[in-house]
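Dear colleague,

I am handing over the structure we spoke of, and my notes on it follow directly below. Please read them beside the coordinates.

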Amino acid sequence: MILDWLPPTLIGVLLVLAGIGAIRRMNLWRAGQAEKVDFLAGLFAMPKRYLHDLHHVVERDKYMSRTHVATGGGFVLAMVLVVFVHLFGVKNEILAWALLAALVLMFCGALFVYKRRMNPPSRLSKGPWMRLPKSLLTFSITFFVLTLPAAGILPEGTGGWILTLVLSVLILMSLSEMLFGMTWGGPMKHAFAGALHLAFHRRPERFGGGRSTGLKPAALGEASHGVAKPTDFKWNQLLGFDACVQCGRCEAVCPAFAAGQPLNPKKLIQDMVVGFAGGTDKKYAGSAYPGVEVGNAKGAPDQIITNGLISSDTLWSCTTCRACVEECPMMIEHVDAIVDMRRFLTLEKGETPNKGAQVLENIIATDNPNGYSPASRTHWAADQNLNLMKDVKQADVLFWVSDGAFDMRSQRILRAFVKLMKAANIDVAILGDEELDSGDVARRLGDDAAFQSLAKRNLATLSKYSFKTIVTTDPHAFHCLKNEYGDFGSDALKGVEVLHHTTFLNRLVKEERLQLDTFKGGKVTYHDPCYLGRYNGEYEAPRELLASLGIDVAEMERSGYRSRCCGGGGGAPITDIPGERRIADMRMEDVVSTGAEMVAVGCQQCTAMLEGVVEPRPVVKDIAEILVSQLAEEVNS
Amino acid sequence: MPPKVNVVSLVSVGRHPQSGRSRRAEQDGRAVELGLKLSKKSLTVVHAGDSQEPVLRQYAGMGLDSLTVLPQAADGDALPVLVEFLKNSKAQVVLTGVRAESGESSGMLPYLLAEQLGWPLVPRVAEILTIKEGAAEVLLALPRGQRRSVIVSLPFIATVDNAAAEARQTAFGPGLRADLKVLNVESVTDDAMATWQISAAKPRPKRLKVVKAKTAADRMKAATAKPVGGGGKVMKNETAAEKAQAIFDLLLEEKVVR
Amino acid sequence: MSEFTPTESTLSDLLRRDPRAEWIARNRLHPLHSSVVSAGQGEVRGPSGLLRKNPHVIGFIGPNGIKRIDRANLSAAGLNGKKRAGEAKETQLPLHIVDNPDGYIMVVADMIGGRLTGHDKDILGLAHQLVGENKAAGKGSIAVVLVCFGESKETQFDLAGVDRLLHITGQEFEGFAPEARLSALMQVEAQYKPVNWLFPDSIHGGTDLACRLASRLGERPATQAWQVTASNTVSRGASGSRDISRETPRILMLMEECANAIEDTRHQVLDLAFDADAVETGDDYRLIDQGQIEVDSNAVPLAEAEFILSAGNGIHNWDQFHAVAAALRATEGASRVAVDDGFMPRSRQVGASGTWVTARVYLAVGISGAIQHMQGIGQCDKVVAINTDAGCDMVKRADLAVIEDSEAILDALLKLAQEHYLSKEQEKSDAA
Ligand SMILES: Cc1cc2nc3c(=O)[nH]c(=O)nc-3n(C[C@H](O)[C@H](O)[C@H](O)COP(=O)(O)OP(=O)(O)OC[C@H]3O[C@@H](n4cnc5c(N)ncnc54)[C@H](O)[C@@H]3O)c2cc1C
Ligand code: SF4
Ligand code: SF4
């Protein structure tokens with residue numbers, strides 16, 4: 001046969017090209033900033049991360065998870081065997097049969113991919129991705145036929161040179177997609193970048209069921225702050241962007257996208273890729289940022305991102321709700337990237353939109369976002385008889401009041417919680433005027449300088465006193481204290497348990513230190529605050545508390561880890577980027593659709609946002625408020 | 001705008017009304033903002049006082065490459081050093097706040113500067129529209145958002161009103177990196193101030209509306225009248241016309257309808 | 001020398017006439033004719049079209065308590081106009097007389113619109129306190145001189161405590177003329193060497209002129225002074241957070257309510273000799289007044305506006321709302337809902353995420369008063385609410401609330417405003 005050499009050559013050439021592409025791609029990533037990564041451990045852990053962690057997420061969509069196992073697993077196996085069987089010409093029927101089996105598996109998977117692509121949901125990208133199932137099918141069929149002789153099913157030379165030629169063309173077509181495309185930017189790139197991304201992930205703690213949600217501190221005092229250009233990202237962040245499969249799950253859950261604000265997390269990640277690889281977004285075939293036309297964005301590794309690649313409004317629309325991160329099968333970190341870029345806008349450009357500048361100025365001058373007198377922080381507690389740490393120096397529980405102290409609505413929550421603690425005879429104290437804003441808002445708005453200053457000063461205050469537990473009713477402060485204050489080298493919180501009030505109250509109820517009457521009101525639903533749920537994994541305590549009152553929570557369709565944000569996080573109400581509707585209104589519709597008369601929350605910010613929805617609407621109450629109204633009157637003997 | 005106007009903005013250390021902490025002063029910030037609008041990067045910003053003052057970084061964070069400091073002790077008198085500095089500068093427009101937020105807050109400094117330099121002073125500027133042929137067209141801020149147009153010859157001093165464009169956000173990075181040019185000047189003590197007694201502000205008694213009732217009827221009226229401020233009046237059952245009339249009367253009384 | 005001479009003047013018994021009302025009463029074709037006439041006379045058209053008199057509003061109560069019919073038609077309420085408050089049966093106030101004073105205290109008044117302001121009157125009151133102290137200390141008698149520029153419409157200088165009047169008129173002092181006014185003050189200074197110069201510390205020109213005078217004279221004034229005796233002055237410093245106590249300087253800029261206005265005496269209001277023509281009005285003034293710019297009420301920045309008509313979700317007729325705002329010459333504001341729904345631009349939003357306003361009157365139409373909205377109006381003086389819900393928070397906050405459909409009230413307000421300004425214009429064109 002004159003053409004026998006053709007298929008192996010093609011395979012070989014494409015493999016070499018893929019190799020070259022891989023090196024080029026890696027160089028693109030390496031243009032990013034240095035970041036310490038344990039390469040070996042990462043590579044070893046990679047298969048497990050893929051099979052366990054990634055699939056744990058993919059599993060939420062059963063259809064896709066099976067499809068992916070079949071297609072992906074089949075392909076990887078087939079490709080390895082193809083190299084042996086067809087490139088190196090290893091004559092072994094077992095190998096050949098194995099290859100056939102892998103190809104059949106892949107073929108079946110690809111059929112399902114094909115089916116999904118017949119009528120794809122809007123979140124999926126089209127364009128080259130529509131071609132992928134065809135390439136997959138072509139690959140499996142081509143190599144199946146090509147392998148038949150090796151498996152001894154067909155005699156060698158069947159079909160003659162014509163078949164070989166046809167097969168070669170098909171090999172070229174499918175392998176260009178599968179190998180060449182993998183490293184030169186086709187849809188299959190996700191497999192290559194994705195695998196490495198899993199290995200070198202910036203937050204390895206997330207694998208194996210862990211949680212890593214705290215933002216990384218910005219280095220202060222350098223020649224520039226935050227991420228201005230794509231190359232200012234850490235190299236493994238760039239790698240992470242490249243891993244995106246454009247599945248659009250992030251888009252589907254993003255509250256800002258749904259509200260018609262100019263943000264789409266999927267497009268954002270794709271734009272980051274455009275940025276570090278250079279070029280335009282003309283080839284992007286998914287949903288746009290609402291209200292922004294696709295095709296006008298240009299980027300280059302050393303070009304300022306907000307000069308032409310994405311508009312700063314896109315960055316400021318994010319509520320940092322982490323729904324996208326939670327949902328992303330590739331475990332990409334959208335929020336990190338967004339805040340990194342915000343840091344540049346705030347710390348270097350001084351362009352925090354709308355009330356942002358004023359809020360930051362207030363935080364700096366008064367340690368609270370609304371510029372209230374720091375000496376009035378404890379006014380709410382004038383009649384509460386609470387111990388001040390300054391006086392008692394130690395207590396079992398430190399109640400972190402947070403800035404709700406200045407807000408009349410939030411004070412109702414604070415008082416309710418104090419009453420509950422008193423009912424349970426807790427030895428509690430507050431910091432009083434020594435407490436400062438936790439820095440949450442400053443940090444999400446990109447002002448890490450203000451955040452770090454607050455964090456350090458708060459830690460210095462905390463280190464003066466002794467306590468076993470910190471409890472707060474504010475999930476944002478909770479998150480900062482629990483997950484972000486650890487980066488500042490203080491022992492103040494060593495051995496201290498940081499708790500959200502729902503967790504704490506749930507313990508008290510379980511220990512029967514609180515006597516509660518059954519709730520007799522109407523239907524109740526529960527809204528999971530992002531900073532309690534997704535950021536800290538506390539989904540159960542609030543529900544158990546409600547159950548302890550005899551409330552059977554009428555769950556919203558989006559609850560638990562899929563809870564939809566109220567719109568109040570990440571400084572979004574402050575930057576207030578216009579959209580078509582309000583996120584809080586959408587969330588209230590979720591509430592209304594359960595038929596509930598009351599929505600229970602565990603966050604003062606959620607309370608404010610949901611109560612900002614025009615009446616008539618269900619009542620909004622913090623769980624502490626609900627509990628306090630069911631507190632059984634104490635029977636004094 | 002002509003290619004080059006030499007603008008100097010004078011800045012002081014402000015005071016946050018709630019916390020009392022040092023901050024970028026409201027009006028001085030606006031003076032820098034207006035200066036940046038007029039002369040972009042060539043703006044000179046000058047502070048007479050402590051060169052270590054962190055607030056200076058907040059001004060610098062508005063995008064200044066450098067900031068000039070004329071070092072003065074805490075009890076120093078800024079006037080002589082500023083006069084000296086301005087005499088030797090090529091300043092054509094000097095912008096200040098109307099009143100400082102710290103110290104005496106007298107608002108006299110710009111007037112004294114103007115007097116000693118022999119320059120005209122425009123008070124409470126909202127906007128500088130044009131500068132050409134040795135004169136500037138300036139909008140003064142009047143109460144109620146009204147404006148007055150004034151032409152003033154260069155060089156001049158202007159105090160910047162709260163109605164002027166708000167100071168841009170200060171950015172941490174550039175503020176940190178800006179160059180502080182500390183000049184070598186003599187510190188001049190403010191002797192008069194040393195004789196003053198300064199204490200925390202005492203609350204001023206609210207003037208009571210003493211009704212000097214001259215007749216029994218007046219006394220009756222005074223005794224039965226609804227106290228002002230103690231909860232509002234709610235009109236429910238009157239006709240729409242009566243209600244509207246009540247509102248209109250209030251508008252007339254408050255002189256917002258004239 | 002000064003003394004009090006109780007006089008039995010008949011001055012206060014005189015009715016003050018309201019020429020405009022009289023004019024309207026004469027002019028049967030005037031649109032307001034019937035309202036002016038009937039206001040006083042109780043003359044209304046009955047259902048049959050006949051003119052009817054309401055006997056209860058005819059006439060007036062005479063000094064002996066007996067009702068009298070006023071055939072001369074002088075007392076029609078609209079016609080006899082504003083009486084001096086509470087003067088009906090007052091005894092004549094004693095006259096404070098200063099002859100050949102040993103010195104002068106100059107009070108340079110703002111005189112907004114040609115009339116003394118409350119602030120001006122407080123300062124005149126303070127001036128008399130200082131006079132009293134000086135006298136008690138045996139420093140002779142001092143006259144309080146009111147220095148004012150431009151047109152004066154003030155008719156009650158005597159009751160405000162003006163012993164002497166120095167009214168400086170002339171084209172060059174009109175409008176914004178700080179340099180000319182300073183020259184005049186310098187001449188006053190040279191001529192009279194006042195014991196004190198008192199200025200209102202105000203944005204209406206008082207502070208500006210005072211600072212100019214002080215720096216020209218090289219004297220250190222007290223600013224934001226609020227507690228002043230002849231020897232000691234307490235003034236605010238460090239943006240109102242400190243009290244500075246010092247010897248009373250000659251030039252003082254005084255805060256409102258620094259003293260009580262004069263109430264119990266009348267004063268001579270003698271003109272003080274002053275030759276305005278002799279003022280060295282140099283030709284080298286470097287500030288040229290181009291006049292005030294007409295800023296449309298709705299173009300006034302929201303944060304600076306004095307009177308805001310604000311719309312919320314309870315507005316259903318937007319054309320009407322805009323018409324009322326224009327008729328009342330109010331600046332338009334809005335709640336976030338009105339903005340979100342696209343009826344108002346974002347720049348008009350009042351509240352936490354909009355503008356924090358400082359209006360003297362905030363008229364909220366169909367706004368429920370959510371906490372985020374209330375944050376924005378915390379500094380407003382008077383809040384008026386129009387709302388159908390008597391229980392909403394805006395009604396609770398309001399100084400005056402009317403419970404009614406917004407459209408009905410706005411309709412009535414529109415008419416009132418149009419009538420008001422129409423008659424104003426009539427007045428103006430009549431005067432011309
Ligand atoms: C973070 C955040 C920030 C916010 N910032 C702002 C802000 O800056 N500014 C702001 O305004 N809001 C803000 N809001 C929204 C705020 O919570 C309220 O939703 C909003 O102010 C309500 O607007 P409204 O009073 O016009 O509407 P509604 O609450 O619907 O009130 C309408 C009122 O009109 C009355 N009404 C109805 N029909 C009539 C009629 N025919 N005649 C007379 N009255 C009638 C009703 O009785 C009711 O009182 C914010 C909310 C959040 C969560
Ligand atoms: S970022 Fe993640 S969730 Fe979003 S499209 Fe890419 S892979 Fe999917
Ligand atoms: S964090 Fe929330 S708001 Fe931000 S991009 Fe992700 S899903 Fe959207």
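**Salt bridges and interfaces**

Asp448(A) and Arg343(A) form a salt bridge whose closest N and O atoms are 3.5 Å apart, a salt bridge being a side-chain nitrogen of Lys or Arg within 4 Å of a carboxyl oxygen of Asp or Glu. This pair links distant parts of the chain, since Asp448(A) lies in helix 19 of chain A and Arg343(A) in helix 14 of chain A, 105 residues apart; helices here are DSSP runs of H or I with at least four residues, strands are runs of E with at least two, and both are numbered from the N terminus. Over all chains the count comes to 73 salt bridges.

Please bear in mind that this is a predicted model, in which local features need pLDDT of at least 70 and side-chain atom pairs count only at pLDDT 80 or more, while totals for chains, interfaces and linings use all residues. Residues are numbered from 1 along each chain as its sequence is written, chains are lettered from A and ligands numbered from 1 in the order in which they are written, and side-chain values use heavy atoms, with hydrogens and water left out.

Between chain A and chain B, the contact (heavy atoms within 4.5 Å) takes 27 residues from chain A and 13 residues from chain B. The area buried there is about 1400 Å², of which carbon and sulfur atoms give 49%, buried area being the accessible area (1.4 Å probe) that two parts lose on being put together, summed over both. Three salt bridges are counted between chain A and chain B, and in one of these Glu348(A) meets Arg177(B) with the closest N and O atoms 2.5 Å apart. Helix 14 (334-349), helix 15 (356-366) and helix 19 (448-462) of chain A each supply at least two residues of the side that touches chain B, and the largest share of that side, seven residues, comes from helix 15 of chain A.

For chain B and chain C, 75 residues of chain B are in contact with 80 residues of chain C, and the two chains bury about 6800 Å² between them, 56% of it on carbon and sulfur atoms. On the chain B side, Arg204(B), Arg207(B) and Ile247(B) lose the most area to chain C, together 11% of what that side buries. The rule finds 10 salt bridges across this interface, and Asp201(C) pairs with Arg99(B) in a salt bridge at 2.8 Å, N to O.

With best wishes
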